Amino acid sequence: MKKPPVSAGIVSPSRAVPVQIARPEYAGSGVPGPYKLSCVKETDDQIARMRKAGRFAREVLDTVLAEVRPGISTDELDLIAHERIIALGAYPSPLNYMGFPKSICTSVDEVVVHGIPDSRWLVEGDIVNCDVTVFADGMHGDCSETVFVGKVDAGAQKLVEVAWECLIQAIDVVRPGRLFNQIGLVIENHARENGFSIVREFTGHGIGESFHMSPYIAHFYEPDNTAKIEEGMTFTIEPMISEGVAECLIWPDKWTAVTADLARSAQFEHTLLVTRDGVEILTGGRTPWFLRK
Ligand code: MF3
Ligand code: CO
Ligand code: CO
């Protein structure tokens with residue numbers, strides 16, 4: 001039997017952040033500061049702070065993913081993440097970012113990105129992407145993984161596996177001097193070879209003192225983008241691939257993006273630092289949760 005589409009649940013009130021925790025510029029107004037034209041080169045102190053933000057994001061994501069099981073609501077996952085972030089003395093970056101109401105994003109099955117945690121329970125057979133971004137010591141760290149809820153069908157396993165391989169293959173092309181368009185090229189090739197489409201509406205992004213910065217990172221091949229990767233840049237790669245069409249629709253909540261044909265979609269994300277001769281993954285290792293234990 002075909003699963004019913006994901007339906008919206010009830011969104012609980014935004015969670016409070018203690019006053020002593022430092023907030024990003026949009027925390028009060030919802031409005032992010034100016035989009036910086038280029039991702040700054042990191043000084044040593046900035047690198048240390050980026051590493052810390054990345055480490056925190058990873059720790060929180062691990063905490064959340066360990067709780068994923070049939071019967072837990074995405075709102076409960078949001079609570080777990082929120083409390084862990086605050087215990088670390090950090091701020092949950094999504095909270096009030098352009099009005100986003102919760103502390104993480106949870107995207108189930110056909111939800112591509114920006115799912116709002118709500119009262120819906122996870123169900124055996126779902127796949128769910130949990131996306132955690134934290135603001136710590138003035139820097140943002142951003143990562144996500146898609147995991148299985150209980151047992152999933154073979155199609156879901158293949159989709160999640162290929163999404164992960166797309167991210168890892170893309171990370172492996174990152175080094176100073178390479179063209180940014182090589183990232184999208186390897187992702188597009190790998191997804192297509194496996195019969196999946198690549199979402200174009202959402203991209204990776206520079207990250208650091210702001211949540212979203214230049215450069216944007218396309219996950220598909222852009223032959224005319226001849227910008228070069230430079231040492232010291234910090235940015236995310238976060239490919240979204242789908243079983244069906246690449247086009248997305250947005251729910252009336254103005255956030256939740258679903259595939260236009262309601263086919264499933266999967267995503268993985270890391271925050272990266274470009275080093276002198278390669279790349280450092282700031283948000284953890286190369287073993288995703290679906291391959292652990
Ligand atoms: N973490 C998401 C990203 O990877 C952005 C979430 S923005 C929010 O860029 F407002 F939806 F939280
Ligand atoms: Co991101
Ligand atoms: Co993210």
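**The cobalt site of ligand 3**

In this predicted model, the site of the cobalt ion (ligand 3) is irregular, with angles of 58 to 167° among its six donor atoms; four donors count as tetrahedral if all angles lie between 85 and 135 degrees, four count as square planar and six as octahedral if opposite donors are over 155 degrees apart and all others between 65 and 115, and anything else is irregular. The protein donors, lying 2.1 to 2.4 Å from the ion, are Asp-131 (OD), Asp-131 (OD), Asp-142 (OD) and Glu-269 (OE), where donors are N, O and S atoms within 2.8 Å of the metal (3.2 Å for Na, K and Ca) and water is not among the atoms, so sites may look incomplete. The spacing of these donor residues in sequence is D-x10-D-x126-E.

Asp-142 bridges the cobalt ion (ligand 3) and the cobalt ion (ligand 2), which lie 3.3 Å apart. Asp-131 in strand 4 (residues 127–136) and Asp-142 in strand 5 (residues 139–148) are 11 residues apart, strands being DSSP runs (E, at least two residues) numbered from the N terminus. Asp-131 is buried at a relative accessible area of 10%, and Asp-142 is likewise buried at 2% (buried means under 20% relative accessible area, with a 1.4 Å probe and protein chains only).

Cys-130 is also placed in strand 4 and is buried, with a relative accessible area of 0%. Beyond its neighbours within four places in sequence, Cys-130 is in contact with residues including Leu-61, Cys-105 and Cys-143, contact meaning heavy atoms within 4.5 Å.

Residues are numbered from 1 along each chain as its sequence is written. Ligands are numbered from 1 in the order in which they are written, and side-chain values use heavy atoms, with hydrogens and water left out.

Notes. Predicted model: local features only at pLDDT ≥ 70, side-chain atom pairs only at ≥ 80, totals over all residues. Helix = DSSP H or I, 4+ residues; strand = E, 2+ residues; numbered from the N terminus. Buried < 20%, exposed > 50% of the residue type's maximum accessible area, 1.4 Å probe, protein only.
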